[in-house]
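Subject: Structure for you to look at

Hello,

Here is the structure I said I would pass on. Please open it alongside the notes that follow.

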Amino acid sequence: MSKLRRLPVAVLAVALGSTLLAGCNDGASSDSAKPAAASPGSSSAASFPVTVKHAMGSTVIKSQPKRVVVLDSGELDDVTLLGITPVGAVSPHLKTEGGFPTYLKSEIQGTKDVGPMAEPNLELIASLKPDLILSSKVRHEKIYDKLNAIAPTVFAETTGVTWKDNLALYAQALGKESEAKQALADYQARAAKLGAEIKEKNGGTVPTASVVRFVAGPTRLYQKASFSGTVLKDVGLGRPASQDVDAAMLDVSPEQIDKADADLVFVTVADDPNKTQQSQVQSTPLWQNLKAVKAGKVFNVPDETWMSGIGVQAADQMLNDIAKATGVAPVTQG
């Protein structure tokens, strides 16, 4: 039996009691939330209490959350985007160097690691006295009731391709809907501008882009129904036939790596390279004959943004990688 199932009922009871007591002090300030200047029409504590409908039902949030715990990397990107430093978070479940994402390092000072993601430390989460927990059904359905006993818990259905909808859901729970809408609109504008500049540079056409991820096991090609796939679509880049599919990914053997052929190939490594087929694949004649390889258009990019980031800030990092690969000016962030 896992540690989760052995969690004493008393621990959760104490945690719930602590949360209720903390709720009496909702007006108290907290170092866990970054200050954000109010603007006309922006979300605020005045919109609370709020009932949030989500993948596990409905959750009533009595006051604007200040002590937030996030249990996946997309949620980490989202809450920090909205100016909140979570009190607890898990690190990406696939990350070669371990720890929190480096691209968010300046935004998570003091955040406690409550992982691993597959089995979050419920005792530690409870000790942080959160007033909101965010995750998804696909990740943590089995422990939802235990999490919800600690603090109001909101789950998206899944992760990856639904990242924009997930941001809207979490923003509602945080009272940050206006900020989220503006951040997403700004990102969409940057992606469209980048796409237009790439098209202009290429005489009215756009290159095709392939995404290859080396993991322990078969090599993966990422398709349109994935986080990276949506960003490439927002920019307007074409996809090779193997990836121009409304699915998340395609596993390929070294003998099938020609399916990755495109004008640009973006490569990420999720695990220790020695546990993947990277060296085997990249030494094959099929790989060496890819037009991107021959043209010097293979780009190693961070797995933590292209795969695990799953949010606006990670998408912005992707836009900059795409700009560099296509030889246009980096996009500016508002």
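Helices here are DSSP runs of H or I with at least four residues, strands are runs of E with at least two, and both are numbered from the N terminus. The model is predicted.

First, the sheet. Five strands, the count given as 5, form an open sheet in the order β5-β4-β3-β6-β7, and the pairing is parallel. At the edges stand β5 (112–113) and β7 (153–156); each has a single partner strand, so one side of each is left without a neighbour in the sheet. Strand β3 (residues 68–70) runs parallel to strand β4 (residues 88–89), and 2 bridges join them. Within that pair, V70 of the chain stands opposite A89 in β4.

Next, the helix on the sheet. Helix α6 (residues 163–174) lies across β3, β6 (132–136) and β7. Relative to β7, helix α6 runs at about 165°.

Then the cavity. How many cavities of 30 Å³ or more does the structure hold? There is 1, and the volume of the largest cavity is about 40 Å³. Its lining consists of G74, E75, D78, T159, W163, N166, Y170 and I310. Both α2 (73–81) and α6 supply at least two residues each to this lining. Sorted by class, the lining has 3 nonpolar, 3 polar and 2 charged residues.

Regards

Methods. Residues numbered from 1 in each chain as written. Predicted model: local features only at pLDDT ≥ 70, side-chain atom pairs only at ≥ 80, totals over all residues. Heavy atoms only, no water. Pairing = 2+ DSSP bridges. Contact = heavy atoms within 4.5 Å. Axes fitted to C-alpha atoms, helices over the stretch in contact; angles between N-to-C directions. 1 Å grid on protein atoms, 1.4 Å probe; cavity = no way out; pocket = protein on both sides within 12 Å on 5 of 7 lines; lining within 4 Å. Points joined across faces, edges and corners; volume = space filled by probe spheres on them. Nonpolar A, V, L, I, M, F, W, Y, C, P; charged D, E, K, R; others polar.
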